[in-house]
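Look over the model before reading on.

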Amino acid sequence: GAPHGSTQPPASPAIASRSGSELMIIGALGLSPEQTYEVLEAAIRAPSVHNSQPWRFLLTADSIELQADPTRRLPAADPDDRELRLACGAALLNLRLALLNAGIEPKVSIRPSAHPDRIATIRHGGPATMLSEEAALYRAIRNRRTNRKPFLEQPIGVRERHLLIKAAETEHCRLRVVSDPQEKADLRRLLVLAHQHQLADPHWVEEFNSWLMRSPSDREGITLAASGPQPEIQDAWVLRDFGKGHGHVRVPGKDFESEPLIAVLTSYVDDPFAQIQAGQALQQVLLTATTLGLSASFLSQVIEVADIRAQLQQLLGGSAHPQAAIRIGYGTPV
């Protein structure tokens, strides 16, 4: 989820909105307009389905309100807005880290029950000193990418797995690494079923194709450069063709890795608040992975198809609620 246009912020706090009109950034929480822009620029470097970036920000002198943008909903892929709230939660985690970097303790109020499009209000919670671990996560915001290319056939060590699991726990969620061979085979079966279900839905296919960028003038969605190679029959875990047949040319003999680390992020309950919380946990995991030199992509099908998600929940024991499925490994930079 790179931000629209250039990855470098402009010298002025005036930026172009999606409609092309000028949007003036005011100072918030005691920050200058330039500092406020830097905070928001970090916030939007969060993952979202099809890079839809379904968020917007309302600024006042004493608060930043993170809102969902209903015009960027994905009704076919995400009919109940679960992944929209996950994306906004990931942006919220980035925003928290950016405010810490600016010396502000973020005081966050998550309140989706008050209004469905109001995700959170962030106020000044006093001066803050950033811990070294938080500083590392903040630096990772600019380097994190969804990597749809093949990963190396290199296992992830016990220490790295522990740190990824701990990252989810810091946001009151759980990262379940699927290591049992039978569980992994069952998850792969569910992934294929969900993928086939979506391909058979013309509304999903139309929506998916509309978010694939094919022209330099396109400003929405997933670029061809970020698509990865076209999946082939031997690829077990990568099924979606984000390049529509025009993705990266696969190096001969370079298939996708046979044994990626597959993990499922789960929450203890399943409501809008928990989904926003899970989005923050998801970004904690992804940024932690980035600091460890790891890459990640998503197995979103098993979350987006409700019947399959229910089967995944039973596969994981029945009590935890799956919010995101992730493929993790050592990959080349993208």
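Q: Is Trp 204 buried or exposed?
A: This is a predicted model, where local features need pLDDT of at least 70, side-chain atom pairs count only at pLDDT 80 or more, and totals for chains, interfaces and linings use all residues. Residues are numbered from 1 along each chain as its sequence is written, and side-chain values use heavy atoms, leaving out hydrogens and water. Buried means under 20% relative accessible area, exposed over 50%, and partly exposed in between (1.4 Å probe, protein chains only). Trp 204 has a relative accessible area of 2%, so the residue is buried.

Q: Which helix holds both Trp 204 and Phe 208?
A: Helices are DSSP runs of H or I with at least four residues, numbered from the N terminus. Trp 204 and Phe 208 lie four residues apart, about one turn of the helix. Their helix spans residues 202-210 and is α6.

Q: How are the rings of Trp 204 and Phe 208 arranged?
A: A search of the whole structure finds one aromatic pair. Rings of Phe, Tyr and Trp (its six-membered ring) pair if their centres lie within 6.5 Å; planes under 30 degrees apart count as stacked, over 60 as edge-to-face and the rest as tilted. Here the centres are 4.9 Å apart and the planes at 10°, so the pair is stacked.

Q: What is the relative accessibility of Phe 208?
A: Phe 208 counts as buried. Its value is 6%.

Q: What percentage of the protein's residues are buried?
A: The protein has 334 residues. The buried share is 52%.

Note on methods: Helices (H or I, at least four residues) and strands (E, at least two) are DSSP runs, numbered from the N terminus.
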